[in-house]
Amino acid sequence: MDLKGICLLFVILAVALISSTEGKPPSKCQCKIAARERRNCGPPGISAADCRRAGCCFNASVPGVPWCFTAKPKKVKKVCPADPRIRVNCGYPGITAKECISRRCCFRAHPAGVPWCFYHRTVEEGC
């Protein structure tokens with residue numbers, strides 16, 4: 001592949017990356033990356049606002065490394081919601097705890113009037 005082809009491929013990939021993450025700025029946790037581990041995420045001279053709009057992290061405090069860099073993936077975990085009012089039913093009336101757990105759902109046999117077998121919620125973990 002010649003130089004023009006490589007440049008065109010780079011532009012296409014950059015546009016695809018920007019459009020797929022646009023409007024989703026990373027959290028502070030996602031941007032806590034050692035300077036030596038940063039992977040470039042924008043063209044030279046990109047502004048902080050354009051970098052963040054592209055879904056990347058921006059930090060210009062360390063010279064000689066990318067200032068606009070790829071964010072770490074979000075860390076998420078599944079939790080059983082504590083608030084019974086937000087439970088989403090995962091079972092049926094009379095389901096046993098064993099049957100519920102085999103469906104990979106949460107089971108709490110209280111309080112009355114809410115699902116006892118219910119789906120996990122996905123939450124972002126802290127830093």
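## A predicted chain and its disulfides

The protein chain has a mean pLDDT of 84, and 80% of its residues reach 70 or more; pLDDT is the predictor's confidence in each residue, from 0 to 100. This is a predicted model, where local features need pLDDT of at least 70, side-chain atom pairs count only at pLDDT 80 or more, and totals for chains, interfaces and linings use all residues. Residues are numbered from 1 along each chain as its sequence is written, and side-chain values use heavy atoms, with hydrogens and water left out.

Student: Over residues 7–11, how many contacts beyond four places in sequence does the model have?

Tutor: Contact means heavy atoms within 4.5 Å. Over residues 7–11, pLDDT stays under 50. Over residues 13–22, pLDDT also stays under 50, and the model has seven such contacts there. For residues 7–11, the number is zero.

Student: In what order do the elements of the protein chain run from the N terminus on?

Tutor: Helices (H or I, at least four residues) and strands (E, at least two) are DSSP runs, numbered from the N terminus. The protein chain has three helices and six strands. The order is α-α-β-β-β-α-β-β-β.

Student: What share of the 127 residues in the protein chain is buried?

Tutor: Buried means under 20% relative accessible area, exposed means over 50%, and partly exposed lies in between (1.4 Å probe, protein chains only). By that rule, the buried share of the 127 residues is 20%.

Student: How much of the accessible surface belongs to carbon and sulfur atoms?

Tutor: Accessible areas come from the Shrake-Rupley method with a 1.4 Å probe, and for residues only the protein chains shown count as cover. The protein chain's accessible surface comes to about 9200 Å². The part belonging to carbon and sulfur atoms is 61%.

Student: Which residues make up the largest nonpolar core?

Tutor: A nonpolar core is a set of buried Ala, Val, Leu, Ile, Met, Phe, Trp, Tyr and Cys residues joined through side-chain atoms within 4.5 Å. In soluble globular proteins, nonpolar side chains tend to be buried together. The largest core here has six residues: Cys41, Ile46, Cys51, Ala54, Cys56 and Cys68.

Student: Which residues does the second, separate core include?

Tutor: This core has five residues. Among them are Cys90, Ile95, Cys105 and Cys117.

Student: How many disulfides are there?

Tutor: A disulfide is a covalent bond between the sulfur atoms of two cysteines. Here the rule is a pair of cysteine sulfur atoms within 2.5 Å. The count comes to six.

Student: Which cysteine does a disulfide join to Cys41?

Tutor: Cys41 lies in the loop between α1 and α2, and its partner lies 15 residues apart in the loop between α2 and β1. Both partners are buried. The S to S distance is 1.8 Å, and the partner is Cys56.

Student: Why does the disulfide of Cys90 and Cys105 tie together parts that are apart in sequence?

Tutor: The sulfur atoms of Cys90 and Cys105 are 1.8 Å apart. Cys90 is in the loop between β3 (76–79) and α3 (97–102) and Cys105 in the loop between α3 and β4, so the tied parts are 15 residues apart in sequence.

Student: Which backbone oxygen lies 2.8 Å from a polar atom of the side chain of Gln30?

Tutor: Gln30 is in the loop between α1 (3–21) and α2 (48–53), and is buried at 9% relative accessible area. A polar contact is a pair of N or O atoms within 3.5 Å; within protein, one must be able to donate a hydrogen and the other to accept it, and residues adjacent in sequence count only if both atoms are side-chain atoms. The Gln30 side chain reaches the backbone nitrogen of Ser27 at 3.0 Å. The backbone oxygen at 2.8 Å is that of Lys72.

Student: Is Phe107 buried or partly exposed?

Tutor: Phe107 is in strand β4 (residues 106–107). Not counting residues up to four places away in sequence, Phe107 touches residues including Ile95, Trp116 and Phe118. Its relative accessible area is 25%, so Phe107 is partly exposed.
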